[in-house]
Amino acid sequence: MPEGMENLKTEKTVKTEKDERLTAMIHLIHRFLHYYRPSCPGFPLKPPEIGVMIHVGHFKRKHGKWPSPSVISQEMLISRPAVTAILNSLEKQGYVRRVISPADRRRFTVELTPLGQQMTRDAFGQFCRTTATVMEVLGEEDSRKFQELLEKVTAAMEHEKGVKG
């Protein structure tokens with residue numbers, strides 16, 4: 001074998017193994033997310049809708065007021081047009097309502113309706129049960145390690161995207 005060809009073969013093998021790991025990781029993440037999101041027969045919402053509703057409820061509990069669409073967009077890293085489309089769908093289904101600000105009629109906040117509050121509790125409860133199952137399967141030490149790895153990966157992704165964590 002000519003000089004240097006051995007290294008080339010090794011590099012190709014490493015690249016192929018790395019590509020295989022990359023593909024396996026993509027499939028594994030996809031499968032994990034499929035089972036992690038709330039779903040049950042008759043669950044009428046899409047994952048982005050659920051995420052927005054949970055965020056709206058969390059914002060209200062944390063800040064004592066309802067968020068504006070721009071706050072939802074900024075905090076969830078979703079474009080304004082996407083937030084508008086999600087809110088339109090949620091409002092049409094009766095889960096949220098937009099309330100115009102009395103101080104500035106050009107601005108409004110997003111509130112969960114009673115139906116939206118119940119759906120949010122149900123979805124969040126399902127997230128909690130699924131997360132508890134993950135923690136139970138992993139055990140205490142691996143759960144802590146899994147959390148550390150998720151934090152590390154999330155921080156790296158936020159840094160890459162220029163997002164402040």
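User: In what order do the elements of the protein chain run from the N terminus on?
Analyst: This is a predicted model, in which local features need pLDDT of at least 70, side-chain atom pairs count only at pLDDT 80 or more, and totals for chains, interfaces and linings use all residues. Residues are numbered from 1 along each chain as its sequence is written, and side-chain values use heavy atoms, without hydrogens and water. Helices (H or I, at least four residues) and strands (E, at least two) are DSSP runs, numbered from the N terminus. The protein chain has five helices and two strands, and from the N terminus on the order is α-α-α-α-β-β-α.

User: How are helix 2 and helix 3 oriented to each other?
Analyst: Two packed helices are described by the angle between their axes and the distance between the axes. Axes are lines fitted to C-alpha atoms, for helices over the stretch in contact, and angles run from 0 to 180 degrees between N-to-C directions. The axes of helix 2 (residues 47–63) and helix 3 (residues 69–76) come within 11 Å and cross at roughly 110°. Angles under 35 degrees count as roughly parallel, over 145 as roughly antiparallel, 65 to 115 as roughly perpendicular and the rest as oblique, so helix 2 and helix 3 are roughly perpendicular.

User: Which residues of helix 4 make the contact with helix 2?
Analyst: Helix 2 and helix 4 (residues 80–92) pack at about 85°, with axes 10 Å apart. Contact means heavy atoms within 4.5 Å. On the side of helix 2, Pro48, Glu49, Val52 and Met53 take part; on the side of helix 4, the residues are Ile86, Leu87, Ser89 and Leu90.

User: Is threonine 120 buried or exposed?
Analyst: Threonine 120 lies in helix 5 (residues 114–161). Buried means under 20% relative accessible area, exposed over 50%, and partly exposed in between (1.4 Å probe, protein chains only). The relative accessible area of threonine 120 is 7%, so this residue is buried.

User: Which residues does threonine 120 touch, not counting residues up to four places away in sequence?
Analyst: Within the excluded range, the backbone oxygen of glycine 116 lies 2.7 Å from a polar atom of the threonine 120 side chain. Beyond four places in sequence, threonine 120 touches Met53, Ile54 and Leu112.

User: What share of the residues in the protein chain is buried?
Analyst: The protein chain has 165 residues. Of these, the buried share is 24%.

Key: Polar contact = N/O pair within 3.5 Å; in protein donor to acceptor, adjacent residues only side chain to side chain.
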